[in-house]
Amino acid sequence: MLRSVRLTALAPRLRAGFASAANAAAAEEQDVVVIGGGPGGYVHAIKAAQLGMKVTCVEKRGSLGGTCLNVGCIPSKNLLHTTHLYHLSKGYFEEHGIVVPGEGTSIDVAKMMESKQEAVTTLTRGIEGLFKKNGVTYSQGWGKITSPNEVTVDLNDGGQEVIPAKKIVIATGSDPIELPFMPYDEKKVVSSTGALALEEVPKKMAVIGGGVIGLELGSVWARLGAEVTVIEFMPAIGAGMDAEIAKNFQRILKRQGLKFMTSTKVTGADTSGDGVVIHTEAAKGGKAKSLDVDVALVSVGRRRFIDGLGLEDVGVATDERGMVLTDENFQTNVPSIYAIGDVRDGAMLAHKAEEEGVVLAEAFHGEGFALDYNSIPSVIYTSPEVAWVGKNEEELKEAGVAYNVGTFPMAANSRAKACGYADGMIKVIADKETDAILGVHLIAESASELIPEAVLGVAFGASSEDIAMTCHAHPTQSEALKEACMAVTGKPIHF
Ligand code: FAD
Ligand code: NAI
């Protein structure tokens, strides 16, 4: 049991100044102290404990699961699911003979948010259960690295503890980037966190940044009736996805009612009235325009979070944007300190953070160290979903790699057609000489469940012919992947 000294009356900053103070309680030395209880940190803690290490996970939020479970993946997927069902009730039901008596369906936003919170609470508490089951110590408070082998925690319920550690793992994640001229009030100018908790459906909503968050949360509120305009600086939405897929995806979202202003930069905003007036001009410069909305969601990316961690004091190197610099073993320039997840290099994805957590625990245990970043999938959970793995055409062209492409439209897939989910396509890119699969890009209702087969293909160096020759159950959307593979060097059957 860790003990603490009570310092409740002190302001947090003042308390931080007491790091390593003589009157803070010293805890038992740990093999590993992980700072951050998100998918990177909590998964690492569990795996390390399973491998026999003495582990403490420090988390300041008051609940485990990090951004992902509290204000990210889980609440957004809950709202995407609820609003998808609602959206179906507004057209799909009638087309398929489902009659709703009376005036039709309506949405109770408060109840919807309650159900979202229930999902979050159940899952975050579940991680506390997993900590107990695996013998991970959970220290609730703000962690600061006070020496290469010591973490000092300002405990949430007051007091401080000093935890000696053989190794320290930084897993402090990321935070939304703020535009300097429109700070978040989480009511009118919202980050993803505010957009997951609006109390009513805005009449007009601007989404600044047409990447993953903007498209997912823009879809949520558009399905409930908001007039959503996505303002994107680049010529295409999707933050770097395959250009052909991005174009098709934008067309589908447009049909769903989202409006797009691409190649557009936001130059300023006026938040003094009831709503927000957003000033824009063409990205290359041009005539200024303004847009009046009730709510503006700013989703222009996330920044690595290292505030108050004490990295400068112990000499851990970061880049100018706060990314903790590590080598391929996730080790920083201070040998006892490591970093995983959003806070280090690479995609800001929960499953990437989790994989790094597991691999690092195994490395501490003396096992091999390997993570294939090329086979980490990406998914946008709209309807239809978009998913991809490996390289896109633009990347291969730039690298001068010769390739073949096979495509298959979801409209020609019997399962998708039977269910009225015919929007989308599958695109498989394979090496021209060896036929090894280089990239797979999907727009399909169940793209998130189809992508693992492609991930396996990329990870194991399968050829498109391998998938084309594998029997797929009928009728499934996965047959469309098989047919796209058939199209790489030959012809599909059904198109
Ligand atoms: P985080 O989850 O950010 O966790 C870091 C934790 O560290 C936080 O809980 C923080 O409170 C804590 N912390 C920070 N500093 C300290 C300190 N000094 N002391 C103690 N604790 C500290 N990814 C997906 O793969 N799929 C999705 O569907 C998806 N949806 C998303 C939706 C939204 C709206 C958002 C915002 C993100 C989404 N992501 C998704 C991204 C995903 O949430 C992150 O990639 C993932 O959470 C990163 O995990 P992490 O452990 O590195 O950091
Ligand atoms: P993002 O990087 O996905 O998209 C940001 C978009 O904003 C880009 O298209 C960029 O060109 C644009 N942009 C940047 N500055 C701009 C400006 N000033 N004006 C207009 N447009 C501008 O970032 P996003 O959506 O904020 O998400 C952050 C991270 O969270 C992502 O990296 C993603 O990995 C993760 N995430 C993952 C999800 C998933 O896996 N389904 C869901 C949500 C978030």
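Student: Which element gives the largest share of the shell around ligand 1?
Tutor: This is a predicted model, in which local features need pLDDT of at least 70 and side-chain atom pairs 80 or more, while totals for chains, interfaces and linings use all residues. Residues are numbered from 1 along each chain, chains are lettered from A and ligands numbered from 1 as written, and side-chain values use heavy atoms, without hydrogens and water. α2, β3, α3, α4, β4 and α11 each supply at least two shell residues (helices are DSSP runs of H or I, at least four residues; strands of E, at least two). The largest share, 4 residues, comes from α3.

Student: How many residues surround ligand 1?
Tutor: A residue counts if one of its heavy atoms lies within 4 Å. Glu59, Thr67, Lys77, Gly143 and Ala350 are the closest. By class, the shell has 16 nonpolar, 17 polar and 6 charged residues. The number surrounding ligand 1 is 39.

Student: What percentage of the accessible area of ligand 1 does the protein cover?
Tutor: A polar side-chain atom of Trp142 lies 3.4 Å from a nitrogen atom of ligand 1. A polar backbone atom of Gly143 is 2.8 Å from a nitrogen atom of the ligand, and a backbone N or O atom of Ala350 is 2.8 Å from an oxygen atom of ligand 1. Of the 990 Å² that ligand 1 has on its own (Shrake-Rupley, 1.4 Å probe), the protein covers 95%.

Methods. Polar contact = N/O pair within 3.5 Å; in protein donor to acceptor, adjacent residues only side chain to side chain. Nonpolar A, V, L, I, M, F, W, Y, C, P; charged D, E, K, R; others polar.
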